[in-house]
Amino acid sequence: MNDIRTDLGLRLVINAAGTMTALGASIAVPQAIDAASAILGQFVEIGELQKLASRTISDVCDTEAGFVTASSAAGLTLAVAGTMTGIDLGAVERLPDTSAFSKSQVLIQSGHLINYGAPIEQSIRLAGASVVPVGQATTARRYHLESAITERTAAAVYVVSHHTVQYGLIELAEFVEVSHAHGVPVIVDAASEYDLKSFLAAGADICLYSAHKFMGGLTAGIVAGRVVPVRHAYAQNIGIGRGMKVGKESIYGAIAAMRAWARRDHAPDRARQESHLALWARVLAERPGVRAEILPDPTGNPLRRLRVFVSPDTARITAWDLADSLSTGERPIIVRDDEIDEGYFDLDPCNLQEEEEHVVASRLGETLDAALKANLPRHTPVSDRHNRTAMALSHWPD
Ligand SMILES: *Cc1c(COP(=O)(O)O)cnc(C)c1O
């Protein structure tokens, strides 16, 4: 079969990392592709299409309203902006100048100040708000939040993600309880979560999801929640939202992906993923210096991954050198490497295409065998790898 990537001179990359912007997010589901191509050749009234999106979002998220924007990061900026402007359209046009507003501070737990390809605090500051960290990296208590809320507080942001610190912080129910007791709206960033209902049911005023992640929509962000705060966020489309504009194809693509997601039978997906994990675990069990463990998703999404621990002295290669080796060649395999300096990476089966699991299995085996036979062990400093993105940017497009 003809592969567009070959025509473009792009490598046939295998995504064992999860849903990553840098790898093209996800494989769009057929329903989203059909929706995009059906609407691209037509004029539509975008406002009406967004109302249809609102009804779809209400249904699938069991909430009052919603709209589609460019990304979850954009949705966060717009949601924050809405908490400062309300429906004052003059204020909407003045952003990001917030000097005349009485409320322009946004609270977020220090352990939630993540980077999802860009710093989350920047998505908040883009609206003109200032960020007030609550607690410390691994500790936040009710008193930290209570004490941080002032008459200048516009909103509080809560992040659900494997990127956040997973212990020692305030849980959503308590975060909502304290914020609401002081009249502060809560925005939940749940961009990568399968659960479209529970954060809103727990009291979030607005919840953000990425249409291009697990749902397989076109690139877009879904802003869902109570009608008034969602309306205020939507109003930003005549202001700072302009640069975060989303086209008809992405709006309808998100609608189609949400509808498909609500109807999807997940059991066959799960079974296929589990068989991939078992296959890779068998390859690793036969080799010295590596150990594999199947782990549940840290935020409770219904999927499991294979964690590959590498002992560099026995395997004669470090975890990051192994990951780098896998990412070379005609079928580069990209692994989930957020914690790779700890000596392990994860293999995520959820985005594999037909038959790619066998390529992953054989490349794993071959690479480990080659490391054992090599004259010299591969133990490069992990800092080289950490600094590579910055190096690449300073030479782009070379
Ligand atoms: C992926 C992700 C984002 C960014 O989502 P985009 O839609 O790509 O902007 C934001 N927050 C979290 C928690 C994420 O996982």
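Domain bounds here come from an automatic or database domain assignment. This is a predicted model, in which local features need pLDDT of at least 70, side-chain atom pairs count only at pLDDT 80 or more, and totals for chains, interfaces and linings use all residues. Residues are numbered from 1 along each chain as its sequence is written, and side-chain values use heavy atoms, with hydrogens and water left out.

**View 1. Domain 1 and domain 2.** Domain 1 spans 28–263 and domain 2 spans 266–393. Their C-alpha centres are 33 Å apart.

**View 2. Where domain 1 meets domain 2.** Here nine residues of domain 1 are in contact with eight of domain 2 (heavy atoms within 4.5 Å). About 740 Å² is buried between the domains, 54% of it on carbon and sulfur atoms (accessible area, 1.4 Å probe, lost on putting the two parts together, summed over both). On the domain 1 side, three residues are nonpolar, five polar and one charged (Asp, Glu, Lys and Arg count as charged; Ala, Val, Leu, Ile, Met, Phe, Trp, Tyr, Cys and Pro as nonpolar; the others, Gly among them, as polar).

**View 3. Around the ligand.** Of the 13 residues around the ligand, S72, D189, S192, S210 and K213 come nearest (a heavy atom within 4 Å). The shell has four nonpolar, seven polar and two charged residues.

**View 4. Oxygen atoms of the ligand.** The side chain of S210 places an N or O atom 2.7 Å from a ligand oxygen. For S71, a side-chain N or O atom is 3.5 Å from a ligand oxygen, while A73 has a backbone N or O atom 3.0 Å from one.

Terms used: A polar contact is a pair of N or O atoms within 3.5 Å; within protein, one must be able to donate a hydrogen and the other to accept it, and residues adjacent in sequence count only if both atoms are side-chain atoms.
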